[in-house]
Amino acid sequence: MDPSFIFYLIAVVLVLVGIAGIILPALPGIPLVFAGLLVAAWGDGFVHVGWVPLTVLGLLTLASFAVDVLATVVGAKRVGASRKALWGTFVGSIVGLFFMPIGLFAGPLAGALLGEYWHTRELGRSTKVGLATWLGILLGFALKLALVIAMLGIFAFAWFF
């Protein structure tokens, strides 16, 4: 059996798990996609995809960390969310994993809302913070999806051209 087949198989699994990681907060989505693309390039002996595209992919991976953190925090901070709301978002995201797929979206919203309510005892403000945090998470999801599509496009371009 050709050893490059094993590299490509591992690469496909890493990329697919990475794409799932865009939705699932417990998985490092974009770093797994990058690892898969790196393994695919390695399996080819870096003939088709060299250091320039891999460096660009690495920079996009680093940018994903900023997107991951900033999207949620910016959404929450724009409406003045408390630390308890941010912790609630984190806890809600983890608890939401047990109630997939609805929990992935409802968990962070409920967590932020409950955390802010615990802090302020104002339902209207808590609802506003919960929705802003949730919109920040959706924005982060969209940006991470765009980054993955860009990464796959750069890799495919480097491979075929």
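Phe7 is partly exposed in this predicted model, with a relative accessible area of 27%. I start there since Phe7 belongs to an aromatic pair.

The count of aromatic pairs comes to five. Phe7 pairs with Trp42: the ring centres are 5.4 Å apart and the planes stand at 55 degrees, so this pair is tilted. To count as edge-to-face, the planes would have to be over 60 degrees apart. Where do the two residues lie? Phe7 is in helix H1, residues 3–23, and Trp42 is in helix H2, residues 29–43, so the pair ties together parts 35 residues apart in sequence. Trp42 counts as exposed, at 52% relative accessibility; the cut-off for that class is over 50%.

Next, Tyr8 and Trp159. Their ring centres are 6.2 Å apart, with the planes at 75 degrees, so the pair is edge-to-face. Tyr8 lies in helix H1, while Trp159 lies in helix H6, residues 123–160. The pair therefore ties together parts that are 151 residues apart in sequence. Tyr8 is partly exposed, with a relative accessible area of 30%. Ring pairs also bring in Phe155, giving a cluster of Tyr8, Phe155 and Trp159.

What sits over the ring of Trp118? The charged end of Lys84 does, 4.4 Å from the ring centre.

Now the protein as a whole. The secondary structure consists of six helices and zero strands, so the order along the sequence reads α-α-α-α-α-α. Along the principal axes, the C-alpha atoms fill a box of roughly 65 × 30 × 20 Å.

How much of the protein counts as buried? The figure is 39% of the 161 residues. Turning to contacts with a separation of 6 or more, 66% of them are between residues 24 or more positions apart. The Tyr8 and Trp159 ring pair, tying together parts 151 residues apart, is one example of a link across the sequence.

The accessible surface comes to about 9,200 Å². Carbon and sulfur atoms account for 80% of that surface.

Last, the charges. There are 8 positive and 5 negative charges in the protein, and their mean positions are 21 Å apart.

To recap the aromatic part: Phe7 and Trp42 form a tilted pair, Tyr8 and Trp159 form an edge-to-face pair, and Tyr8, Phe155 and Trp159 are linked into a cluster. Helix H1 contributes Phe7 and also Tyr8.

Definitions and conventions
Residues are numbered from 1 along each chain as its sequence is written. This is a predicted model: local features need pLDDT of at least 70, side-chain atom pairs count only at pLDDT 80 or more; totals for chains, interfaces and linings use all residues. Side-chain values use heavy atoms; hydrogens and water are left out. Helices (H or I, at least four residues) and strands (E, at least two) are DSSP runs, numbered from the N terminus. Buried means under 20% relative accessible area, exposed over 50%, partly exposed in between (1.4 Å probe, protein chains only). Contact means heavy atoms within 4.5 Å. Accessible areas come from the Shrake-Rupley method with a 1.4 Å probe; for residues, only the protein chains shown count as cover. Lys and Arg count as positive and Asp and Glu as negative; His and the chain ends are not counted. The place of a charge is taken as NZ of Lys, CZ of Arg, CG of Asp or CD of Glu. Rings of Phe, Tyr and Trp (its six-membered ring) pair if their centres lie within 6.5 Å; planes under 30 degrees apart count as stacked, over 60 as edge-to-face and the rest as tilted. A charge sits over a ring if NZ of Lys or CZ of Arg is within 6 Å of the ring centre and within 35 degrees of the ring normal.
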